[in-house]
Amino acid sequence: MSVLTDLAGALQSGAVRVVDLTQPLSERTPVLVLPEPFVNTPGLSRRELSRDDDRGPAWAWDVLEIGEHVGTHFDAPIHWITGRDGEDVASVPPPRLVGPAIVIDRSAEAGEDPDYLLRVEDIRAHEAEYGPIPQGAWLLFRTGWDARAHDQEAFLNVSDGASHTPGIGAECARWLAEQSPFVGVGVETVGTDAGGAGAFEPPFPVHNYVLGAGKYGLTQLANLAELPPVGAIVVVAPLRLVGGTGSPSRVLALV
């Protein structure tokens, strides 16, 4: 109990801060746009049930419609064909939703090149500077893209018919899935793959490899600039949605 007592005291004193890594969720939240003939996810919409009126004299509530993969959200293995026999959101073991955060900052590089791709060498360099990656850690990839999250056009960054957003290279995605101790990856962009990943080999390698390996994804994160390269703890809280391929989530970090 002393560990939890110490943590409670540190939270109360401010020695440990809680950083919200979640983008605000509203009808204006940017959503992924797929080309025809693929079906697209709806964003958030809501229908009013009552507002302290004849329909409900002392309460206000709404009906929500939202895609599983909208806003800051969690990708379960069954989201992708390579993980279709794996876990749904409700089946993910809770200990895998809480773990050390390893933050790799390539915001300067992504600012110069929106198609910047993270490489295995980048992660090895981080290890050389900060020490081995703990088992069960989350890789959080900072690109500065969260600054665009209020604007669908800037966030998707489409030109010449293609989206140009930073992400993770195919070989790096394979390494993360097959050789690394990471339990999942988190990004600031609309999806865990780079904007141009449909043309990679294989297409959408983060989805293909990481979810296929029974690991997880987080997208549209915010405030990664407030996290140190190592030492923070990330807490991922998706809905316990039976059969869910993903879920809008509240993601917090203890710093």
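1. A pocket, as the word is used here, is an open set of grid points, over the protein atoms alone, where a 1.4 Å probe fits and protein lies on both sides within 12 Å along at least five of seven lines. The structure under review is a predicted model, and its second largest pocket has a volume of about 250 Å³.

2. The lining of this second largest pocket consists of 18 residues. Nearest its centre are L25, I66, L239, P248 and S249. Strand β14 provides five residues, the largest share of that lining. By class, the lining of the second largest pocket comprises eight nonpolar, eight polar and two charged residues.

3. Which strands each supply at least two residues of the lining of the largest pocket? They are β4, covering 73–75, and β9, covering 162–163. The lining of the largest pocket divides by class into 14 nonpolar, 14 polar and two charged residues.

4. A separate point concerns T245. This residue is located in the loop that runs between β13 (232–238) and β14 (246–254). The side chain of T245 makes a polar contact of 2.4 Å with the side chain of E68.

5. The surroundings of T245 may also be listed. When its neighbours within four places in sequence are set aside, T245 is in contact with E68, H69, F74, D75, A76, I78, H79 and V89.

Definitions and conventions: Residues numbered from 1 in each chain as written. Predicted model: local features only at pLDDT ≥ 70, side-chain atom pairs only at ≥ 80, totals over all residues. Heavy atoms only, no water. Helix = DSSP H or I, 4+ residues; strand = E, 2+ residues; numbered from the N terminus. Polar contact = N/O pair within 3.5 Å; in protein donor to acceptor, adjacent residues only side chain to side chain. Contact = heavy atoms within 4.5 Å. Nonpolar A, V, L, I, M, F, W, Y, C, P; charged D, E, K, R; others polar. 1 Å grid on protein atoms, 1.4 Å probe; cavity = no way out; pocket = protein on both sides within 12 Å on 5 of 7 lines; lining within 4 Å. Points joined across faces, edges and corners; volume = space filled by probe spheres on them.
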